[in-house]
Amino acid sequence: MQGTLKIFLGVIATSLLNLNCSSRLVETDPEIISDTSAVVITANASQGNKGLLDYKGPVYVHIGLITDSSIGPTYWRYIKFKWGSTEEAALATPSGNNKWTYKIPNIRKFFAVPENERIQRLGILFREGNCIDTFCKVLRNADKSDIFIPVSANN
């Protein structure tokens, strides 16, 4: 019985360690962002729907916000770049090993959101350029939904 318990506890410990070490689809620096934060967002194409896994071309972002004026919890506002565009300002930086980063110096100023509107979440998709609709390689959540990052009010 004691040997079985040791094996069971070893499996549990290994599982928890693996869970802690696993990569996420997106990470932010800083981890908690406010509406006036500078933020670096890093996407990992080995996670989520793996839509850009081993992709070698330039990667661009499609980025916008969910605010208290959005008509629904996934209704994007203040969309910065047209879908499929290859604007230089939308270009993500390769970070090696199926990863790309995108930096925003100040969320509220970047999107030109009025002070009286509360920013709730940042929506972001990493994608190839010069594409339309569904004919586009896009990194999304595993269920193919949009990626949202919570934004705290700046107190």
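This passage walks through the overall build of a predicted protein model and then turns to its salt bridges and its disulfide.

The protein contains two helices and eight strands. Read from the N terminus, these elements follow the order α-β-β-β-β-β-α-β-β-β. Of the 155 residues in the protein, 37% are buried. The accessible surface amounts to about 9,300 Å², and carbon and sulfur atoms account for 54% of that area. A look at the contacts shows how the chain comes together: among contacts between residues at least 6 apart in sequence, 68% join residues at least 24 apart.

With this overview in hand, the charged side chains come next. Side chains of opposite charge can pair when their charged atoms come close. A search of the whole structure turns up four salt bridges. One of them pairs Arg-108 with Asp-35, with 2.7 Å between the closest N and O atoms. This pair ties together distant parts of the chain, the two residues being 73 residues apart. Arg-108 sits in helix H2, which covers residues 107–111, while Asp-35 lies in the loop between strand S1 (26–29) and strand S2 (39–44). Both Arg-108 and Asp-35 are buried.

Arg-108 has a further partner, Glu-115, and here the closest N and O atoms are 4.0 Å apart. Arg-108 has a relative accessibility of 5%, so it counts as buried, the cut-off being under 20%. Glu-115 has a relative accessible area of 68%, which is over 50%, and therefore Glu-115 is classed as exposed. Taken together, Asp-35, Arg-108 and Glu-115 are linked in a network of salt bridges.

Another salt bridge brings together the side chains of Asp-146 and Arg-140, with an N to O distance of 2.7 Å.

How many disulfides does the structure hold? There is one, and it joins Cys-131 to Cys-136 with an S to S distance of 2.1 Å. Both of these cysteines, Cys-131 and Cys-136, are buried.

Terms used: Residues are numbered from 1 along each chain as its sequence is written. This is a predicted model: local features need pLDDT of at least 70, side-chain atom pairs count only at pLDDT 80 or more; totals for chains, interfaces and linings use all residues. Side-chain values use heavy atoms; hydrogens and water are left out. Helices (H or I, at least four residues) and strands (E, at least two) are DSSP runs, numbered from the N terminus. Buried means under 20% relative accessible area, exposed over 50%, partly exposed in between (1.4 Å probe, protein chains only). A disulfide is a pair of cysteine sulfur atoms within 2.5 Å. Contact means heavy atoms within 4.5 Å. Accessible areas come from the Shrake-Rupley method with a 1.4 Å probe; for residues, only the protein chains shown count as cover.
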